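Hi everyone, thanks for coming along. I'd like to walk you through one model today, so please have a look at it with me.

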Amino acid sequence: MRLNEENERCLLYQDAFTRKPLIATAERQLLERHIPAILDKGFMMLMDGHRIEDLQRMYSLQAISSYIRRTGQSIVMDEEKDKDMVSSLLEFKASLDSILEESFSKNEAFCNTIKDSFEHLINLCQNRPAELIAKFLDEKLRDGNKGTSEEELEGTLDKVLVLFRFIQGNDIFEAFYKKDLAKRLLLGKSASIDAKKSMISKLKTECGS
């Protein structure tokens, strides 16, 4: 409820780029600072109450978090696979989303665990993922991708935007994206004017002007 209230205030009174750091700060103050105490007291209560299903769920959450971090680390930490990092992350995220829907019925706890674990792994290498996501977008928005339909391109942009939201170094992404956008505009290499405008609009919604 408190997080929703902060989000509403941001939409009503503040610039859009403040939403992400504001919500992150609220989550840190309301949740992260209290996790050890919550887990300690909660775990004791579950054990004493012989709450088998809840204990199984806690174990499952820890297991899926470990799996995501371990698998994701093999993607983002291997510099030899930099060229395919973004594609691999998109495939991995799509696989996790499918499992979340089909196996966990979009359970909120599992959804949050996947989100937190993915954010952890995508920021393991500081600025590199931000740079590679910007370059991936540049490749998709160049005129060399004319075989791709507008709908397919728009779908890809939306999926990449999900990865973008996990990045902590937005300024690094912005620097590379601006440079690549300027090159496309100067050389007339954009695959689609509509896609270019759409992506700028999406980023403006996420980060402000």
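Let's start in helix 5, where Lys93 and Asp97 sit four residues apart, so about one helical turn separates them. Helices here are DSSP runs of H or I with at least four residues, and strands are runs of E with at least two, numbered from the N terminus. The side chains of Lys93 and Asp97 meet in a salt bridge, at 2.8 Å from N to O. By salt bridge I mean a side-chain nitrogen of Lys or Arg within 4 Å of a carboxyl oxygen of Asp or Glu. Lys93 counts as buried at 13% relative accessibility, while Asp97 is partly exposed at 32%. For those words, buried is under 20% relative accessible area, exposed is over 50%, and partly exposed is in between, using a 1.4 Å probe and protein chains only.

A quick word on the source: this is a predicted model, where local features need pLDDT of at least 70 and side-chain atom pairs count only at pLDDT 80 or more, while totals for chains, interfaces and linings use all residues. Residues are numbered from 1 along each chain as its sequence is written, and side-chain values use heavy atoms, leaving out hydrogens and water.

Now follow the chain out of helix 5. Ser105 is exposed at 62% relative accessible area, and Lys106 is exposed at 56%.

On to the domains. The domain assignment, which is automatic or from a database, gives domain 1 as 27–125 and domain 2 as 126–208. Their C-alpha centres lie 27 Å apart. Counting heavy atoms within 4.5 Å as contact, 18 residues from domain 1 and 14 residues from domain 2 take part.

How much area do domain 1 and domain 2 bury between them? About 1500 Å², with 69% of it on carbon and sulfur atoms. Buried area is the accessible area, with a 1.4 Å probe, that two parts lose on being put together, summed over both. On the domain 1 side, Val86, Ile122 and Cys125 lose the most area to domain 2, together 37% of what that side buries.

Between the two domains the count is one salt bridge. Arg128 and Asp82 also meet through their side chains in a salt bridge, at 3.0 Å from N to O. Helix 5 (85–102) and helix 6 (108–122) each supply at least two residues of the side of domain 1 that touches domain 2. Helix 5 gives the largest share of that side, six residues.

Let's finish with Asp138. Which residues does Asp138 pair with in salt bridges? One is Arg142, with the closest N and O atoms 2.6 Å apart. Another is Arg184, also at 2.6 Å from N to O. The Asp138 and Arg184 pair links distant parts of the chain, helix 7 (residues 128–141) and helix 9 (residues 170–187), 46 residues apart. Asp138 is buried at 5% relative accessible area, and Arg184 counts as buried at 2%, whereas Arg142 is partly exposed at 39%. Across the whole structure, the search finds 13 salt bridges.
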